[in-house]
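Let's take a walk through this one together, starting where the chains meet and then moving inside each of them.

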Amino acid sequence: MASVALRSVSKSFGHVPVITDVNLEIADGELVVFVGPSGCGKSTLLRLIAGLVPVGAGDIVIDGEVVTDIPASKRGIAFVFQSYALYPHMTIARNIGFALETLGLSRQEIDAKVAEVAATLKIDHLLARRPRELSGGQRQRVAIGRALVRQPEVFLFDEPLSNLDSDLRMEMRMEIAKLHANLAATMIYVTHDQVEAMTLADRIVVLNRGRIEQIGTPQQLYHAPQNRFVAGFIGSPRMNFMAVSANASSSDCHMQGPGSLSFDVSLSAPGVPAEIGIRPEALSIATQGQGKVTGTLERLEDLGHEHLAYIRIAPDVAWSVRLSNSLGKNALGTSIGLDWRFEDLFLFDKNGHRLDHSLSHERSAVANGVRA
Amino acid sequence: MSMRIKRRSAAYYRAMRRVRQFALGCLTALLLFYVLFPYYWAIVSSTKQGAELYNSVLLPALDFRHYKELFRDANFATSILNSLCVAIATTALSLGLGTLAAYALGRLNFPERRSLLLTVLMISIFPQVVVLSGMFELIRWFGLYNRVWSLVFAYLIFTLPFTTWVLTSFIREFPRELEEAAIMDGCSHWRILTSILLPLMGPALVSTGLLAFILAWNEFLFALTFTLTEGSRTVPVAIGLLAGNSRYEYPFGPIMAASVTVTLPLIVLVLFFQRKIVAGLTAGAVKG
């Protein structure tokens, strides 16, 4: 098993910078998930670590050794592709054993290892078939088997579950978590699926335009995002934002905004809030004529286990609210007040950095699960 | 709510469908006639003797004297052998070189790639007549004049560009992840090409190979120019230069018999490989 480190890694395709000065330390046995919007460079970063794409600048270190110029197959890494990339003209057994074949192992050794891996993944009855005769889930298992058989020190997954339907995706997610627990191998996992990121990761790396926005545990990212991008990216439905005008006098700050928003907050550090953010699950419906902000109920969605309400506060601002009970169809079009607790309020300055306010020390308590 | 759409009776649409089917049938028949008639005419003519030829009867006379004569002719057998050698060698060489070039042009990144591809395309633009005299000089310098191999050398100039182009576009459309998987599995470029790409390129290789074979088999101008004696002629030239018993007799019957004979191998080849051409081997490579 091995640790992985990226030191000032940059990469550009032609004149387009894809990865800019990325620094990252991944501990031995850790499962790190890269998330970010499409085109943020997460797949490229994975391919840089694998050695499938040559590094532009900086170094990649695996197990304390600089591997920047070492070919992909000699880095002790296995890669699971989004499309599975099974060789269509080979049987499943040969697909799994192909890397060993290239290494020059004897037939018996290869057969033994393939059989062992197939047994752990419960695909031993498929060994004589070809990829096109397999279902999506089975192909996924074969792809993982192909990675396992080489006993790599680091596993790289590139959106491995994105081609599966949701039931199968959940099953395979558990499977990968189990695999990680059993092997205690270092894993790097790229996904755009929030649930996969939140449930699998020891730590999440949020990428945006080729830069790291924040690195942290799923709870840190959810409860203490460093900036507006991370706050908006983690969580579904996404965080509600609204531009406000702030009137700062020393640490006390008076804020005004659409929907007759008006309140005071004391900042723990100097800065001028330009935007507020509140998660849909932190909002509650206020009693008539109350609440910190008011808007018109525009739409209701019944998801069975929860209800989503969309409330228009200004022509270009609509907030979503997560509720456990329905507001009733009659409420549509009526004016509604929204309330929240101060510790659930996020403030961002005009550059998108989060500003701490006086109650934010309580948020760390929340992060540790001590909800009052 | 919805827009008002004018609708006729069901019988009307049924009748329209029949009319359309009938029209399609007529068109197909017409097209088939256009395509097949020359070949049928050649078969009919090849079984007629002497003055019968000037009789435009569409039924074959079923007299195979011309064919028997043809097979007794040692020169014709030599020219068939020559044609086979030239066509097979041309096909093999252009597929081999074309695959290597296509892999480089389709997958490897090097700065001159674009201009190289364009050059390849440019070569195939020139009409044969333009390169004829230059090619003649080249062949003389290499001492290949009046040898069968001179034709292989000459044919590569038009088979290689198109095999390279077709195979390049095929390799380009190849799923990138499949190749990356092979790289992770420790394959060299050579092994990727031979173990992963080639087995999957079957349909592309067969169809381009078939085209190259047909081009080389039927080529006339180069073959006429670069060979002199009967022993080094290919079939199209041999047929073109068939002489009658006297200078006043045009050997129409024997020519037709020979033409039909040399077309048969091509038809057999195409029929044999047509299933391979259609087979989609990449199915199941990715997704599902």
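Two residues count as being in contact here if their C-beta atoms, placed from the backbone, lie within 7 Å. Keep in mind that this is a predicted model. With that cut-off, 24 residues of chain A are in contact with 22 residues of chain B. On the chain B side, the elements giving two or more residues are α7 (176-184) and α8 (189-200). Helix α7(B) hands over the largest share, six residues. Sort that side of chain B by class and you get 13 nonpolar residues, four polar and five charged.

Now stay in chain B and look at how two of its helices pack. Helix α6 (residues 148-172) of chain B and helix α9 (residues 202-218) of chain B have their axes 10 Å apart, at an angle of about 165°. Because of that angle, α6(B) is roughly antiparallel to α9(B). Their crossing is right-handed. From α6(B), the residues involved include Tyr155(B), Phe158(B) and Phe170(B), and they meet a set in α9(B) that includes Ala204(B), Ala212(B) and Leu215(B). This contact has nine nonpolar and three polar residues, with no charged ones.

Over in chain A, let's follow some strands. Strand β1 (residues 4-13) of chain A pairs with strand β4 (residues 57-62) of chain A, antiparallel, over five bridges. Val4(A) has Ile62(A) in β4(A) as its bridge partner. Ile62(A) also stands opposite Glu65(A) in β5(A), and β5 (residues 65-66) of chain A is joined to β4(A) by two bridges, again antiparallel. The hairpin of β4(A) and β5(A) leaves two residues between the strands, and there Asp63(A) takes a positive phi near 55°.

Conventions
Residues are numbered from 1 along each chain as its sequence is written. Chains are lettered from A and ligands numbered from 1 in the order in which they are written. This is a predicted model: local features need pLDDT of at least 70, side-chain atom pairs count only at pLDDT 80 or more; totals for chains, interfaces and linings use all residues. Helices (H or I, at least four residues) and strands (E, at least two) are DSSP runs, numbered from the N terminus. Ala, Val, Leu, Ile, Met, Phe, Trp, Tyr, Cys and Pro count as nonpolar, Asp, Glu, Lys and Arg as charged, and the others, Gly among them, as polar. Axes are lines fitted to C-alpha atoms, for helices over the stretch in contact, and angles run from 0 to 180 degrees between N-to-C directions. Angles under 35 degrees count as roughly parallel, over 145 as roughly antiparallel, 65 to 115 as roughly perpendicular and the rest as oblique. A crossing is left-handed if the near helix is turned anticlockwise from the far one by less than a right angle, and right-handed if clockwise. Two strands pair if DSSP finds at least two bridges between them.
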